[in-house]
Amino acid sequence: MAFEFRDSMINDYWSQGYVIFRRILPASLLRDLRPEADKARALAHELLGPQAQRLQPVIKHPERI
């Protein structure tokens, strides 16, 4: 099933401040992205500590990603 916009998403955004877009990426892309995200997370924790939330800019570490 593909992504489908619903009017309730607008209400969710205004009441909660965010919307979760489900089924917007194909499962095959998620399978490919997860290992890469794990690499970046491990590198961020190594360089910035276990509380690191992001690694920016990633381009500064091309040999490690």
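This is a predicted model: local features need pLDDT of at least 70, side-chain atom pairs count only at pLDDT 80 or more; totals for chains, interfaces and linings use all residues.
View 1. Pick out Leu29 and you're in helix α2, which runs over residues 27-48. How exposed is Leu29? Its relative accessibility is 33%, so Leu29 counts as partly exposed, since that class sits between the 20% and 50% cut-offs.

**View 2. Arg23 and its positive phi.** Zoom in on the loop between α1 (8-16) and α2, and you'll find Arg23. Its phi is near 60°, a positive value in a residue that isn't glycine. That's worth a look because most residues other than glycine have a negative phi. Arg23 has a relative accessible area of 43%, which means it is partly exposed.

**View 3. The largest pocket.** Arg23 turns up again here, as one of the lining residues of the largest pocket. The volume of this pocket is about 160 Å³. Which other residues line it? Phe3, Glu4, Arg6, Met9, Asp12, Gln16, Tyr18, Val19, Ile20 and Arg22 join Arg23 in the lining.

**View 4. A cis peptide bond at Pro57.** Follow the chain into the segment after α2 to reach Pro57. The peptide bond leading from Gln56 into Pro57 is cis, and its omega is near -20°. For context, most peptide bonds are trans.

Methods: Residues are numbered from 1 along each chain as its sequence is written. Side-chain values use heavy atoms; hydrogens and water are left out. Helices (H or I, at least four residues) and strands (E, at least two) are DSSP runs, numbered from the N terminus. Buried means under 20% relative accessible area, exposed over 50%, partly exposed in between (1.4 Å probe, protein chains only). On a 1 Å grid over the protein atoms alone, a cavity is a set of points where a 1.4 Å probe fits but cannot get out, and a pocket is an open set with protein on both sides within 12 Å along at least five of seven lines; lining residues have an atom within 4 Å of a point. Grid points are joined across faces, edges and corners, and a volume is the space filled by probe spheres set on the points.
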